[in-house]
Amino acid sequence: MSARFQAAVAGGGTVGLACALLLNRRCDWDVALVERSAPRDEDGEGPQRALTLSPGAVETLNECGLQPGRPPGREGVPPSTRTRRPRSQDFPAHAFSRMVVWRGEGGPWSGNSITFDAAEMGVQMLGCVAHEAPLRRALWDRAQQCKGIRVYSGASLASVRIEEDCGYLDLDNGKEIGAELLVGADGAQSKLRSALGIEFRSSGYGQTGLVFEADCSEADGDTAWQRFEDDGVLALLPLSESRMSIVWSLPDERAEQLKRLDDEGLEAALNDAGAGVAGELAPATPIASFPLRRSRAEQVCGERYALVGEAARTVHPLAGQGLNLGLGDVEALARVCAGQGDALIGDARVLGRFARERARYGEEMSWGIHAINAAFEGALAPLAALGMSAVDRARPLKRVLAARAMR
Ligand SMILES: Cc1cc2nc3c(=O)[nH]c(=O)nc-3n(C[C@H](O)[C@H](O)[C@H](O)COP(=O)(O)OP(=O)(O)OC[C@H]3O[C@@H](n4cnc5c(N)ncnc54)[C@H](O)[C@@H]3O)c2cc1C
C-alpha cells in the first residue's frame with residue numbers, strides 16, 4: 001500500500017525544495033519530497049559554489065519562507081517589503097547594485113563595456129550572491145518543519161509508473177509513493193525524466209567552469225564584474241568588500257592548465273585577467289571545476305508529470321541564470337496549479353500552460369546565453385565588442401536586458 005499525496009517531488013536540491021514548499025503553500029497540497037542525500041553539516045566547509053540570485057528568485061525564496069540575511073559583518077540584501085524580517089535560519093547573501101561587463105585588454109575603462117546600475121533601473125539591487133550550501137540547508141529545514149511536506153531522505157528514486165488516476169515513485173528502499181502530480185527536480189541526470197523516456201538533448205561547450213574565492217584589495221562590495229576574454233568568461237561576484245567569488249569559464253584545455261598552476265601562477269593569471277578591477281586578487285579557496293553543457297528536455301510536462309530546474313535544462317553559467325530559471329519554473333508551476341481546482345491536479349492541459357510559459361522564457365534565455373557565448377568567440381568577437389559600447393549608450397535597450405536578467 002503506497003502513501004498518497006497530491007504532489008511528489010523527486011530531488012531535494014534547491015529547486016526541488018522550493019517546489020515542495022511553494023506547492024504546499026500556494027495550493028495547500030500534501031507533498032512528498034524524495035532526496036537521496038540530505039544536506040550534511042560539513043557541506044559548508046569545503047569549496048563552495050556561490051550563486052547569483054536575481055530579485056525575482058529572491059521573491060520566490062521569500063515566499064518559501066526565507067529572507068536572505070546579512071552575512072556576519074557584511075552588507076545584506078535590502079529586506080523585501082512583502083515579507084517578514086530575517087530569522088536565524090535564513091541564508092547569508094550579499095546584495096550588489098552595479099554590474100560591469102567588458103571585453104578586451106585594458107579593463108572596462110577601454111570603452112568596450114556595459115554598466116548596469118540599480119538606480120538607473122529604478123530597483124534596489126541587481127541581485128545578490130549567496131553560497132549554495134546554506135541556501136539549500138535553509139530550504140531543507142523549512143521543508144522538514146512544514147506539516148504538509150513529508151521528506152523521504154536517504155532514498156533514491158528507482159522507477160516511475162504513471163496510471164490513469166495516479167503517478168507512482170518507487171524508491172530503492174522498497175517504499176512506493178503515489179501522487180496526482182509527479183515533479184522531476186532531480187537535476188541534469190534526472191531519473192524521473194529518463195524513466196518516462198523523455199529525450200534530453202545535450203551538447204558540451206568544450207568549456208569548464210572553475211569556481212573559487214579570492215581576497216581582493218580594492219573592491220567596493222557593490223559591483224559585480226564580468227570580462228569576456230577571447231576564449232572564456234571571467235566573473236567576479238562580490239561576497240563582501242574584501243572577498244569575491246570567481247566563476248571562470250574556459251576551454252577545457254586551458255582550465256586544466258590553470259588547475260595545474262601553483263599558487264603564485266594562479267594568482268598571476270587571475271590578476272592578469274581581472275585587470276585590477278577589484279585591486280589585487282589572491283585565490284583563497286581550492287578550485288572546484290564543472291564541465292559546461294547546454295541541454296534541454298524534449299518536453300517538460302505531460303499527463304501527471306512536470307520537470308523543473310536542471311531536470312528540464314542546463315545553461316552556460318556566464319549569465320548566472322541556472323538556478324534563477326529553476327526557481328522561475330517552480331513559481332510558474334505553483335501559480336498554474338493554484339489557479340485550477342483540485343479536480344485537475346496533474347492534468348496535461350493545465351500543465352501545458354506552465355510548459356508554454358517556461359518554453360518561451362527559458363528558450364529565450366538559453367539561446368540568448370548560448371548566442372552571447374558564441375558571439376564572444378572567434379570571428380564575431382570584434383563585432384560583439386563594438387556592440388557593447390553601443391548597448392551601453394542605449395539606455396532603453398540596457399533596461400530591457402537587465403529587466404530580463406532580474407526576473
Ligand atoms: C560553475 C557554475 C556556476 C553557476 N552559477 C550560477 C549562478 O550564479 N546563478 C544561478 O542561478 N545558477 C548558477 N548555476 C546553476 C545552478 O547551480 C543550478 O542550476 C542549480 O543548482 C540546479 O539546481 P537543481 O535543484 O535543479 O539541481 P541539483 O542541484 O542537481 O539537485 C538535484 C537533486 O536531486 C537529487 N537526486 C538526483 N537523482 C536522484 C534520485 N534518483 N533519487 C533521489 N534524489 C535524486 C540530488 O541528490 C540533488 O540533491 C551555476 C552552475 C555552474 C556549473
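**View 1. The largest nonpolar core has 109 residues.** The ones with the most contacts inside this core are Ala-18, Cys-19, Ala-306 and Val-308. A nonpolar core here is a set of buried Ala, Val, Leu, Ile, Met, Phe, Trp, Tyr and Cys residues joined through C-beta atoms within 7 Å. Buried is a matter of counting: 20 or more other C-beta atoms lie within 10 Å of the residue's own, with C-beta atoms placed from the backbone. H1 supplies the largest share of this core, 9 residues. Keep in mind that this is a predicted model, where local features need pLDDT of at least 70, side-chain atom pairs count only at pLDDT 80 or more, and totals for chains, interfaces and linings use all residues. Residues are numbered from 1 along each chain as its sequence is written.

**View 2. Who touches Ala-306?** Skip the neighbours within four places in sequence, and Ala-306 is in contact with Leu-181, Val-183, Val-300, Cys-301, Leu-333, Leu-351 and Phe-354. Two residues are in contact if their C-beta atoms, placed from the backbone, lie within 7 Å.

**View 3. Helix H1 (residues 14-27) packs with helix H8 (residues 322-338).** Their axes sit 9 Å apart, at an angle of about 20 degrees. Axes are lines fitted to C-alpha atoms, for helices over the stretch in contact, and angles run from 0 to 180 degrees between N-to-C directions. H1 and H8 are therefore roughly parallel, a label for angles under 35 degrees. Their crossing is right-handed, which is the case if the near helix is turned clockwise from the far one by less than a right angle. On the H1 side, look for Val-15, Leu-22 and Arg-26, among others; in H8, the partners include Leu-327, Val-330 and Glu-331. The residues of this contact split into 13 nonpolar, 2 polar and 2 charged. Ala, Val, Leu, Ile, Met, Phe, Trp, Tyr, Cys and Pro count as nonpolar, Asp, Glu, Lys and Arg as charged, and the others, Gly among them, as polar.

**View 4. H1 also meets helix H4 (residues 132-145).** The two axes come within 9 Å and cross at roughly 30 degrees. That makes H1 roughly parallel to H4. Thr-14, Leu-17, Ala-18, Ala-20 and Leu-21 are the H1 residues here, and the H4 side includes Leu-135, Leu-139 and Trp-140. By class, the contact has 8 nonpolar, 1 polar and 3 charged residues.

How values were computed
Helix = DSSP H or I, 4+ residues; strand = E, 2+ residues; numbered from the N terminus. Parallel < 35°, antiparallel > 145°, perpendicular 65-115°, else oblique. Buried ≥ 20, exposed ≤ 12 C-beta atoms within 10 Å, placed from the backbone.
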